[in-house]
Amino acid sequence: MTSPLLAWRDPVYILGGFAGVVALVLILFQPLLADGALPGLSVRRGRIVHRWLGTLLVLAVLLHVGGLWLTSPPDVIDALLFRAPTAFSVWGVIAMWALFAAALSAMLRRRLRPWRWRNAHVVLVSICVAGCVGHALLIEGTMGTVSKGVLCAATLAATAKTIFNLRQGP
């Protein structure tokens, strides 16, 4: 912990912040798993891992928001109601709801036509990734500027590559 912005924060807040970092890292791997782009994993096994990491991703976001809630409930309420004066909270809330909607769409996958499910899931995930990257880039203190920028760029590139590959078909 070298950031002076975290020096006065309590452990719950720091844990919540790190849960957000873990969520961003998981978001990087999600499109790569869905696309079968990770070496050593077939597309089928990659998609199984994708589902499990998706569950971990939702849990990481809940831990992130829960940690912030325990530290400062008024700030979380302001963020959820889009009243917070910080732009990063708006992006974070948009990303969170898009993630929850994408997870819900994954749970309802068998009830939807495949093309409808895929289009809805891709749109929701794209909103989630864009919101998460916007959220992360505007926050100061949890990650270093370079590492955060590299992680966000890699996440955007992986998501764009996977969407492009999905549009090309099998």
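Is Phe-82 buried, partly exposed or exposed? In this predicted model, Phe-82 has a relative accessibility of 45%. Phe-82 therefore counts as partly exposed, because that class lies between the limits of 20% for buried and 50% for exposed. The residue sits in the loop that links helix H3 (73-80) to helix H4 (87-107). Its backbone is also worth a look: phi of Phe-82 is near 60°, a positive value in a residue that is not glycine.

In soluble globular proteins, nonpolar side chains tend to be buried together. Here the largest nonpolar core holds 26 residues, and those touching the most other members are Leu-24, Ile-27, Leu-57, Val-61 and Leu-99. At least two residues of this core come from each of helix H1 (11-34), helix H2 (43-71), H4, H5 and helix H6 (145-168). H1 provides the largest share, with eight residues.

His-121 belongs to helix H5 (residues 114-138). With a relative accessible area of 15%, His-121 is buried, because the limit for that class is under 20%. Once residues up to four places away in sequence are set aside, His-121 touches His-50, Ala-102, Ser-105 and Ala-106. With one of them, Ser-105, there is a polar contact between the two side chains, at 2.9 Å.

Conventions. Residues are numbered from 1 along each chain as its sequence is written. This is a predicted model: local features need pLDDT of at least 70, side-chain atom pairs count only at pLDDT 80 or more; totals for chains, interfaces and linings use all residues. Side-chain values use heavy atoms; hydrogens and water are left out. Helices (H or I, at least four residues) and strands (E, at least two) are DSSP runs, numbered from the N terminus. Buried means under 20% relative accessible area, exposed over 50%, partly exposed in between (1.4 Å probe, protein chains only). A polar contact is a pair of N or O atoms within 3.5 Å; within protein, one must be able to donate a hydrogen and the other to accept it, and residues adjacent in sequence count only if both atoms are side-chain atoms. Contact means heavy atoms within 4.5 Å. A nonpolar core is a set of buried Ala, Val, Leu, Ile, Met, Phe, Trp, Tyr and Cys residues joined through side-chain atoms within 4.5 Å.
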